[in-house]
Amino acid sequence: MMFARIVFIVASCLLASVTRAATAASNVVQLDFRGLGPWARYVARPTEHIQYSTAWATNLTAAQQANARAVVKVNPCLKTPPKYLVVDMSGGRSAARWPISYLDEVPSGGWTDEYKTEKLVLRYIPAGSFIMGGRATDYPGAVNTNLHMVTLTKPFYIGVFECTQRQWELAMGNRPSAFSNETCYATRPVESISYADIRGDAKGLQWPQSAEVDSGSFMGVLRSKVGVGDFDLSTLAEWEYACRAETTTALNSGENLSDVRICHEMDEVGRYIGNSGVVELGDWRLLSLDLTSDSATAAVGNYIPNNWGLYDMHGNVYEIVLDGVGQEKGSVDPKGAANTTLREICGGSWNSTASGSRSGYLYSASYGNSHSQDLR
């Protein structure tokens with residue numbers, strides 16, 4: 001059972017326009033930032049006056065100085081990036097556009113169900129470096145697994161919550177999920193979908209050679225409605241970096257696991273086999289629930305968030321990422337292997353063990369492969 005978080009890559013600087021060039025009587029250039037739309041309020045001032053030196057022209061003749069011209073482009077750094085990006089999906093498939101807005105902080109009433117059903121909330125994540133992979137300290141008996149340094153050079157926005165069944169329904173017009181209780185389906189994570197459903201089964205399968213997606217896929221609809229082409233799944237590196245939120249422990253709460261299967265440390269951060277209503281019989285699992293109950297998956301946001309305000313990074317549903325199976329070590333902005341039909345999944349699920357839900361756990365490393373791009 002799986003889905004993933006939505007990522008939006010952002011530029012760290014924005015282009016200003018020159019509204020009044022310098023003249024022979026003035027060496028001041030005025031820059032106008034007011035055309036940046038909702039981003040304008042994050043620039044220090046709506047207009048800037050920049051004074052330049054004329055010393056460079058002293059080696060020119062009078063005629064050359066009189067005819068000198070210059071075109072100036074300035075990339076002003078934002079004063080403070082907006083912490084949250086919000087996509088209003090409430091108009092559904094019939095809406096011409098889904099508006100974007102920005103929040104500097106969590107709303108005073110917290111993240112109500114509106115932000116889990118009719119709106120899609122993403123959190124700004126700064127660029128940075130971290131050590132990726134599983135640690136020998138994660139749980140008793142653990143060993144270091146694929147530890148390597150990764151640098152992400154671009155900031156990005158990532159979903160605060162796992163995409164919910166209602167959000168999927170607004171975009172795609174259907175309800176594919178198995179856990180379909182009518183009274184609580186809307187805020188539960190969407191599951192029983194594939195990588196191909198999310199990105200498409202033609203253009204969408206060409207990552208990392210191409211970032212294009214099929215128009216009828218979830219990402220295709222999202223990009224079209226918002227009018228921005230950079231919404232996508234996260235890469236595996238982006239996912240783990242966002243999950244850890246600068247922690248180096250098994251869980252992003254700052255805790256390691258006291259047991260490989262069931263432990264109290266997991267209870268506060270996510271839904272897993274120890275708190276989801278699953279009864280274990282030896283090595284086999286018997287589900288003591290039915291698909292229309294409110295057991296198994298939990299409504300998103302029910303457990304504590306990490307330091308960056310992201311929920312359910314541990315457990316609940318497996319999360320699909322862009323990468324094909326085969327992560328390169330020691331890389332900058334890694335994209336995983338090319339030319340593979342197997343895609344990485346991570347984060348654990350409602351029927352995963354504690355060790356299978358930790359930050360550095362990689363499904364393919366434990367089972368020798370991962371999920372096919374067509375497997376739901």
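Before anything else, I noted what a contact is: heavy atoms within 4.5 Å. For angles, axes are lines fitted to C-alpha atoms, for helices over the stretch in contact, and angles run from 0 to 180 degrees between N-to-C directions. Helices (H or I, at least four residues) and strands (E, at least two) are DSSP runs, numbered from the N terminus.

Ground rules next. I am looking at a predicted model, where local features need pLDDT of at least 70, side-chain atom pairs count only at pLDDT 80 or more, and totals for chains, interfaces and linings use all residues. Residues are numbered from 1 along each chain as its sequence is written, and side-chain values use heavy atoms, with hydrogens and water left out.

**Entry 1: the whole chain.** I found eight helices and 17 strands. Of the 376 residues, 51% are buried (under 20% relative accessible area; exposed is over 50%, partly exposed in between, with a 1.4 Å probe and protein chains only). I also checked contacts between residues at least 6 apart in sequence: 66% of them join residues at least 24 apart.

**Entry 2: a sheet.** In what order do the six strands of the open sheet run? I read S7-S6-S8-S11-S2-S12, with antiparallel pairing (two strands pair if DSSP finds at least two bridges between them). Strand S7 (100–103) and strand S12 (231–233) are the edges, each pairing on one side only. From one strand to the next, the twist averages 30 degrees.

I zoomed in on one pair: S2 (residues 6–9) and S11 (residues 156–159) are antiparallel over three bridges. Val 7 has Ile 158 in S11 as its bridge partner. Helix H5 packs on this sheet, touching S2, S6, S7, S8 and S12, and its direction makes about 160 degrees with that of S12. Helix H6 (residues 236–244) lies across S2, S8 and S11, at about 75 degrees to S11.

Entry 3: Which residues does the cis peptide bond join? I got Trp 207 and Pro 208, with omega about 5 degrees. Pro 208 sits in the loop between helix H4 (195–199) and helix H5 (218–226).

Then I looked up phi. Asn 146 is not a glycine, yet its phi is positive, about 55 degrees. Asn 146 lies in strand S10 (residues 145–152) and is partly exposed, at 28% relative accessible area. Asp 333 also has a positive phi, near 50 degrees. I found Asp 333 in the loop between strand S15 (318–324) and strand S16 (342–346); at 28% relative accessibility, Asp 333 counts as partly exposed.
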